[in-house]
Amino acid sequence: MNKITEKVVERKYLLPFIIITSLFALWGFANDITNPMVAAFKSVMEISTAKAALVQFAFYGGYATMAIPAALFVQKFSYKKGILLGLALYATGALLFWPAAQYEVFGFFLVSLYILTFGLAFLETTANPFILSLGSAKTATRRLNLAQAFNPIGSLLGMTVASQVILKALKSDKHFDAAGNLIEFSTLDAATKAMERAHDLMIIRNPYVILGLVVIAMFVIILVTKMPATGHSDDIHPMQSFRRLIANKIYREGVIAQVFYVAAQIMCWTFIIQYAGRLGIDKATAQLINMGAMGMFLLSRFISTFLMKYVNSRRLLLIFAIGGMLCIFGTILIDGMFGLYCLVATSAFMSLMFPTIYGIALEDVGKDATLGAAGLVMAIVGGALMPPMQGAIIDLRTVLGHPAENVSFILPLMCFVAIAIFGHRAYKSSIR
């Protein structure tokens, strides 16, 4: 084993590292407070599931739209200016929830989320390569894993606020008749619906507005903090940079692996509720199980960051991908609670994948890192590609006599196979 002796974070970079790392929790919070909003808007706004799902389309669409412009902006100016612009867009999108709730227009909320994720695209495109640049290249992947470990802390907080502050306080899905039967919100009289819709939209609005104020505070902190001018170059022609990246085999395959990883993550975390529901577990309890999976994800990320001190990150990625495959095999083949436990355990193996694939892909791109980062951020769109396919399988109820919920996890299995292949090929190329 090749033990790395360089410090993960040098003393001179410690303050910038801490400040920028706090941003990872901010976009984790935004991701996981927004996911349950599909169900919330469906009932509050009396719209179809398909229309409510435009929440995710707007969210991931912001990443896809703004990743390349963010990279070009950072390339022309600096990491710090890119981060500041990202925070400004983030705060603007969050604060727009106030007038959106006042006007009670669903499209207004979608525009707000779209602008918010413009900011997230800027932050992810900028903060990830900036963290990689803060020190030795040999410890760059470990450094990014350490910073990314704070992402699930924000995610857990976002999930908690969504379930305990927003969903619990909504009135639109809590009406019962004298016999205790649930009454549909749509059957209430117009005056009651108007009053409760206004109440519920305010409940949805408030956490986003508070989040916007927190982001403004971060903007001020970063504005007045001197950031090191590391890893940035403004003399790169975008098309030349793009051609070099396409010609780089590890980078090219890394982007593909990242698409599969994000797809696997979203599928495992989205459909754990359906998997648990088939076992007779209610949605509230299933959400607690989902939060347990996130807690395991968080703990495992710290453990894997420690292991990278002693094990090659590419080999560790391969090992964790195989672990994910074994867990998913259990999820598919084992019926009952043990299959659910296997699905939860998958989160432990997913923990290192995003930052490790990211770090490996950017390891040898040199001055093209900023545009390269944009390609890896755009890979987040993978979360919008395969989940609808898994949902369609689940809608079949049974597949060749087997529960469709179990069979549907063949898709995440395929994703882990693709990640394992990337880890193996990247490891082989590193030992030649």
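**Figure 1. Helix 1 passes helix 5 in a left-handed crossing.** This is a predicted model. Helix 1 covers residues 14–34, and helix 5 covers residues 79–95. Two packed helices are described by the angle between their axes and the distance between the axes. Here the angle is about 30°, and the axes lie 13 Å apart. That makes helix 1 roughly parallel to helix 5, because angles under 35 degrees count as roughly parallel.

**Figure 2. Glu104 has a positive phi.** Most residues other than glycine have a negative phi. Glu104 is not a glycine, yet its phi is about 55°. Where does Glu104 lie? Look in the loop between helix 6 (97–103) and helix 7 (106–133). Glu104 counts as partly exposed, at 31% relative accessibility.

**Figure 3. Glu253 and Arg425 meet in a salt bridge.** Side chains of opposite charge can pair when their charged atoms come close. How many salt bridges does the structure hold? There are 4. In the bridge between Glu253 and Arg425, the N to O distance is 2.7 Å. Glu253 sits in helix 12 (residues 249–270), and Arg425 sits in helix 22 (residues 410–430), so their pairing ties together parts that are 172 residues apart in sequence. Is Glu253 buried or exposed? Glu253 counts as buried, because its relative accessibility is 18% and the cut-off for buried is under 20%. Arg425 is partly exposed, with a relative accessible area of 36%.

**Figure 4. Arg278 forms a salt bridge with Glu405.** The closest N and O atoms of this pair are 3.7 Å apart. Arg278 belongs to helix 13 (residues 272–278). Glu405 belongs to helix 21 (residues 404–407). The pair links distant parts of the chain, 127 residues apart. Arg278 counts as partly exposed, at 31% relative accessibility. Glu405 counts as buried, at 14%.

**Figure 5. Arg314 forms a salt bridge with Glu363.** The closest N and O atoms here are 2.4 Å apart. Arg314 is in helix 15. Glu363 is in the loop between helix 17 (353–362) and helix 18 (369–378). This pair also links distant parts of the chain, 49 residues apart. Arg314 counts as buried, with 5% relative accessibility. Glu363 counts as partly exposed, with 37%. Which residues do salt bridges that share partners join into one network? They are Arg278, Asp335 and Glu405.

**Figure 6. Eight side chains are the subject of this view: Ile322, Leu326, Phe329, Leu333, Ile334, Met337, Phe338 and Tyr341 form a nonpolar patch on the surface.** Together they have about 810 Å² of accessible area. Which elements give two or more residues to the nonpolar patch? They are helix 15 (313–333) and helix 16 (337–350). The largest share, 4 residues, comes from helix 15. Met337, one of the patch residues, has its place in helix 16. Met337 counts as partly exposed, at 36% relative accessibility.

Methods: Residues are numbered from 1 along each chain as its sequence is written. This is a predicted model: local features need pLDDT of at least 70, side-chain atom pairs count only at pLDDT 80 or more; totals for chains, interfaces and linings use all residues. Side-chain values use heavy atoms; hydrogens and water are left out. Patches are made of residues with over 30% relative accessible area and no salt bridge: like charges are joined within 9 Å, nonpolar side chains (Val, Leu, Ile, Met, Phe, Trp, Tyr) within 5 Å. Accessible areas come from the Shrake-Rupley method with a 1.4 Å probe; for residues, only the protein chains shown count as cover. Buried means under 20% relative accessible area, exposed over 50%, partly exposed in between (1.4 Å probe, protein chains only). Axes are lines fitted to C-alpha atoms, for helices over the stretch in contact, and angles run from 0 to 180 degrees between N-to-C directions. Angles under 35 degrees count as roughly parallel, over 145 as roughly antiparallel, 65 to 115 as roughly perpendicular and the rest as oblique. A crossing is left-handed if the near helix is turned anticlockwise from the far one by less than a right angle, and right-handed if clockwise.
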